[in-house]
Amino acid sequence: IDFDQLPHNIPISATIADIEEKKGFIDYFMFVIEVKTKGGSKYLIYRRYREFFNLHQVLEFRYSPENPDKRGPNTCILPSLPGKVFMGNKREIAESRIPELNTYMKRLLGLPTWLLLDEAIRMFFYQTDLDSQQQPRALRRLRPPTRKVKTVKPKMELFSAPRAEAIFDFRGNGKAELKLKKGEVIFLLQRVNADWLEGTVNNQTGIFPLSFVKIIKPLPESDSEGEGGGPTYSCLRCFLLTPSGVNTRDVCVQEDLTIQPTYKDLLSRMRNVFQMDNIAINYRDHEGDLIRILDDDDVQLMIRQSRDQQGKVKRPVNQFQWELHVTLASDLSVYNVEA
C-alpha cells in the first residue's frame, strides 16, 4: 500500500502534550496526546500506560515474527515499549515515561503503511466521544520555545476582524499567556507558531493554544506583523527527493526569523515530518546545486544566502523564507549532492 492511498484520517504523528492526574477509587495518570492525521487534522486523546501496554501485546501477537531472522510477509519488528513499573511515585513514573512513549509512537507510526490500517492502531489513536468531552489543561509541552511576542493592534473593524471563540477555559501560565473563559470571543492578532495564536480579549493581550478555540474568521494567509513586516514565524518549504518522485511539505520551524534553528533540530523535525530516519538535509545555492547541511554553520550559511536572495528578488509577503531539500542519507550522486 502506498502512503498516498491511505485514508486521510490515518494518524501519522502523535506527541504527548501533558499528563493529567485522575482521582477515583484508584488515583492514576493519563497521557494527553496530540494526534495529527494524514489529512492535516489535529485532536487530543487521553490514554493510560496500560492502554499502550494492551495495544503492544495485540500487535506483538499479530505481527511479531517467531524468528526475528526469518520475517514473513505480514510480520515486522515492532518498537520496544517501556516496561511496567510497580513501585515508586506515580507522577514521577508518568513523567519519566514521556520521552520513551513519544519515541514508541513515532516508531510505531513509521512502520510499513499496511500496518497503519490495523484496527487496534486506528482505535488507539481514534478520538472517542469521551476524549472530545474532556477539557485540556496546560498542554505545557506544546508551548512555543520562546514567548517574545510582538503585539499588533487590530486595524480593521471588529466585526470583520479575524476572531475565534473559546471552547474551553484556559487559565494561562504567566503574563505572556491569555486567560480565556469558554464562550468568549478573542480577536486574533497573529499566528505565533503551528499550535499557538496571539489575540486580545477584555483589553488583555497574550498568547493561547489553538486547540482551545474554534476559529470564526481566520487570520489572512500572509499573517504579517503589521506595517510592512515579514511573517512572524519562519516558514520552511521542504522537498523529499526520492527516485519515485518529490513529496512537498510546508512546516513552521520557529516563531521568529531572528532565531536560527540548530542542525539537530532541523534534522529531527524533518525525520518527524517525513517519517523517515535515514535522511540528509540540503539546500540549493545560487547556482541551483544541492549543498548538504552537516552542522550549525551550514544552517547559518543557508539562511544568509536565502536572505541575500530575498533582497535581489521581490517576493510576495506570504512567500516561504527557506527551502529545504531532504534526500536519502545514502544518496550522494543522483541529486548532485556533495558530501
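Mentor: Begin with one term. Two strands pair if DSSP finds at least two bridges between them. Keep in mind that this model is predicted.

Trainee: Where can I see that, in the hairpin of E2 and E3?

Mentor: E2 and E3 are antiparallel partners, with six bridges. The hairpin has four residues between its strands. Gly40 has a positive phi there, near 100 degrees.

Trainee: How many helices and strands does the chain have?

Mentor: It has seven helices and 13 strands. The chain runs to 339 residues, and 44% of them count as buried. Its accessible surface is about 19,200 Å². Carbon and sulfur atoms hold 50% of that surface.

Trainee: What share of the contacts join residues at least 24 apart?

Mentor: Take contacts between residues at least 6 apart in sequence. Of these, 59% join residues at least 24 apart.

Trainee: Now the sheet. In what order do the three strands stand?

Mentor: The order is E1-E2-E3, in an open sheet with antiparallel pairing. Strands E1 (11-22) and E3 (42-47) are at the edges. Each has a single partner strand, so one side of each has no neighbour in the sheet. From one strand to the next, the twist averages 25 degrees.

Trainee: How do side chains sit on a strand?

Mentor: In a regular strand they alternate between the two faces of the sheet.

Trainee: How many bridges pair E1 with E2?

Mentor: There are 10 bridges, in the antiparallel sense, and E2 covers residues 28-37. Check two pairs by eye. Glu20 is opposite Met30 in E2. Glu21 is opposite Phe29 in E2. Five residues make the hairpin link from E1 to E2.

Trainee: Is E2 mostly covered or mostly open?

Mentor: Mostly covered. A residue counts as buried under 20% relative accessible area. In E2, eight of the 10 residues are buried.

Trainee: Which helix lies across E1 and E2?

Mentor: Helix H2, residues 90-108. H2 runs at about 175 degrees to E1.

Trainee: How do I read two helices that cross?

Mentor: Check the distance, the angle and the hand. The axes of H1 (residues 49-63) and H2 come within 13 Å. They cross at roughly 35 degrees. The crossing is left-handed.

Trainee: Which residues of H1 and H2 make the contact?

Mentor: H1 gives Tyr49, Phe52, Leu55, His56 and Leu59. H2 gives Arg97, Leu101, Tyr104, Met105 and Leu108. Sort the residues by class: eight are nonpolar, one is polar and one is charged.

Trainee: Which strand pairs with E11, and over how many bridges?

Mentor: Strand E12, residues 290-292, pairs with E11 over three bridges in the antiparallel sense. In one of them, Arg284 has Leu290 of E12 as its partner.

Conventions: Residues numbered from 1 in each chain as written. Predicted model: local features only at pLDDT ≥ 70, side-chain atom pairs only at ≥ 80, totals over all residues. Heavy atoms only, no water. Buried < 20%, exposed > 50% of the residue type's maximum accessible area, 1.4 Å probe, protein only. Contact = heavy atoms within 4.5 Å. Areas by Shrake-Rupley, 256 points an atom, 1.4 Å probe, with all protein chains shown as cover. Axes fitted to C-alpha atoms, helices over the stretch in contact; angles between N-to-C directions. Left-handed = near helix turned anticlockwise from the far one by under 90°. Nonpolar A, V, L, I, M, F, W, Y, C, P; charged D, E, K, R; others polar.
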